[in-house]
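Subject: Structure handover

Hello,

The structure is below, with the sequence. My notes on what was found follow it.

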Amino acid sequence: MKRDYLLFLLFATVVLVAPAAFKGGYLLNVLVFMGINTMLAVALNLLLGFAGQISLGHASFFGLGAYLSGILSTTYGFNPWLTMVIAAVAVGILAFGLGFPILKLKGHYLAMATLGFGIIVYIVFNETVALTGGPSGLSGIPNLKMGSLTFDGDLKNYYLIWCFALVTMLLAINLAHSRIGRALRAIHDSEVASRVMGVNARLLKVQVFALSAIISAVAGSLYAHTMSFISPASFGFNFSVELVTMVIIGGLGSIFGSFLGAALLTILPELLRVVQDYDIVVYGLLLIVMTMYMPKGLAGGIASLARRLRPAKKGVVDAQG
Amino acid sequence: MLRLKNINSYYGQVHALRNVSLHLAKGEIVTLIGANGAGKTTLLNTLSAVVPARSGEILFQGEEIVAHPPDRIVELGISHVPEGRQVFKPLSVEDNLELGAYLRYLKKEKAAIREDLEMVYSLFPRLRERRKQMAGTLSGGEQQMLAIGRALMARPKLLLLDEPSMGLAPLVVQEIFRVIENLRREKGTTVLLVEQNAKAALSMADRGYVLETGRMILEGEASELLENREVQRAYLGKEKKEIWER
């Protein structure tokens with residue numbers, strides 16, 4: 001438990017000083033995306049890795065946050081911070097309402113239902129042209145401001161996004177170590193047994209679903225205000241699947257794993273620019289290799305690698321099996 | 001303490017419990033025996049509201065609880081040790097036990113929970129040795145101890161045990177039964193024990209019920225049931241011939 005917080009402190013320090021190593025826009029811009037993806041992956045991990053409930057429609061919450069915030073601030077001239085709060089609350093209420101019927105479903109059926117929801121939202125983004133601008137997107141979204149400071153440059157955006165990402169991670173770590181985190185993992189393993197322990201499984205699942213959606217909506221709002229342009233293509237089914245991939249590659253139930261998964265899936269497309277359309281082949285291979293050799297994801301893989309190396313150094317065998 | 005009146009439970013169209021009635025006095029150990037599919041587990045699941053009753057009454061300490069959700073039932077003091085143990089395998093032993101006290105965390109009973117943790121560890125020293133270990137790596141007997149310990153963490157007034165002897169070595173079964181008897185002696189815990197191992201269960205219990213295809217067919221003092229010829233034939237593995245032509 002303490003180790004997680006120490007690791008977090010170390011991680012936060014690295015995040016704060018990292019920009020010094022990158023002079024210039026492009027790489028910093030990648031890191032901004034990495035921050036947003038980290039928030040999304042952590043949010044989905046709470047649902048998928050802890051409570052064990054799949055969602056194939058999480059990009060829609062991200063999109064709803066982005067569009068609500070974007071439309072309210074651009075078309076109606078609301079303060080961007082206010083629109084972020086409105087987006088978070090509205091998406092939270094929506095997810096809470098949606099969660100009750102949808103989370104009664106399990107496994108494949110839940111996957112289908114969330115997938116359906118994601119597609120509906122995607123269609124709405126495309127078709128309500130008067131509101132969202134349709135397929136050509138919504139542009140001219142104002143940046144966030146703090147007094148005289150406007151978050152417009154890459155460096156400023158970097159710190160803005162990563163502040164939110166770090167807070168999200170800390171929140172998730174706290175949750176994981178609380179009684180709620182334990183209950184979520186219990187639901188994951190056996191819903192019936194957790195219910196006879198007095199865990200209100202139905203409500204708890206809906207609550208974590210809503211929390212996950214709220215974080216995604218905040219990430220969406222940040223995305224809209226930093227990019228100042230959004231279009232439906234960023235919030236489709238593909239991105240929902242990409243989020244699930246991040247969580248699984250990173251490691252189910254590991255907060256730092258979610259960062260690793262998000263980092264890998266943010267950097268990889270950039271590196272694979274050279275092979276162009278064949279990048280999908282590399283993704284596929286990566287997933288196969290990962291599930292074969294690192295079934296617990298990057299986080300689990302690194303941990304077991306460390307365990308394997310440590311006794312060699314000290315010459316002691318780890319007694320705890 | 002507990003009274004069931006004309007309980008009917010269904011799985012979809014299947015009528016699993018038919019007008020079942022039963023009562024338990026405080027401090028009693030009562031066993032419920034019957035063949036596979038008789039409805040024993042359904043009865044416990046109905047009590048803890050995992051399978052809601054469709055009609056009938058359940059009174060616990062004078063309170064009607066038939067419409068309560070499972071968490072409210074735990075709060076009132078009924079803890080269920082489910083069939084097949086159902087420990088949370090990827091969680092540590094200690095996490096499992098703390099989950100048993102899930103509802104008590106809300107009431108800020110931290111110190112009392114620590115005490116109870118110690119109590120469970122002294123009851124089952126093996127669990128203390130393995131408290132950081134994943135529950136899935138325990139042996140069957142240890143998992144059963146963990147499941148019972150986990151239920152005790154809720155400080156139950158009534159303990160529902162579903163086949164604690166399932167798949168365990170006779171020596172381990174003896175140990176677990178001894179703990180159950182001790183619990184009653186020291187804490188006055190009331191126990192409703194569902195068992196296939198009818199002989200062992202009847203020799204420990206005060207009273208017994210026999211359930212057959214969803215109906216209660218017999219009720220009596222445990223010693224009477226042990227002597228009952230029908231019970232002996234159907235559940236204690238004695239040949240019909242052996243009994244009737246002696």
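As for geometry, two packed helices are described by the angle between their axes and the distance between the axes. Helix H2 of chain A spans residues 25–50 and helix H10 of chain A spans residues 201–227; their axes come within 8 Å and cross at roughly 170 degrees. Angles over 145 degrees count as roughly antiparallel, so H2(A) is roughly antiparallel to H10(A).

Next, the contact between chains. Here 16 residues of chain A are in contact with 23 residues of chain B. On the chain A side, helix H8 (179–189) and helix H9 (191–196) each supply at least two residues. H8(A) gives the largest share, 6 residues. The side of chain A that touches chain B has 7 nonpolar, 4 polar and 5 charged residues.

Last, confidence. Chain A has a mean pLDDT of 90, and 96% of its residues reach 70 or more. Residues 313–321 of chain A have pLDDT below 50, and this stretch has 5 contacts in the model beyond near neighbours in sequence. Where pLDDT is low, the predicted coordinates should not be read in detail.

Regards

Definitions and conventions: Residues are numbered from 1 along each chain as its sequence is written. Chains are lettered from A and ligands numbered from 1 in the order in which they are written. This is a predicted model: local features need pLDDT of at least 70, side-chain atom pairs count only at pLDDT 80 or more; totals for chains, interfaces and linings use all residues. Axes are lines fitted to C-alpha atoms, for helices over the stretch in contact, and angles run from 0 to 180 degrees between N-to-C directions. Helices (H or I, at least four residues) and strands (E, at least two) are DSSP runs, numbered from the N terminus. Angles under 35 degrees count as roughly parallel, over 145 as roughly antiparallel, 65 to 115 as roughly perpendicular and the rest as oblique. Two residues are in contact if their C-beta atoms, placed from the backbone, lie within 7 Å. Ala, Val, Leu, Ile, Met, Phe, Trp, Tyr, Cys and Pro count as nonpolar, Asp, Glu, Lys and Arg as charged, and the others, Gly among them, as polar. pLDDT is the predictor's confidence in each residue, from 0 to 100.
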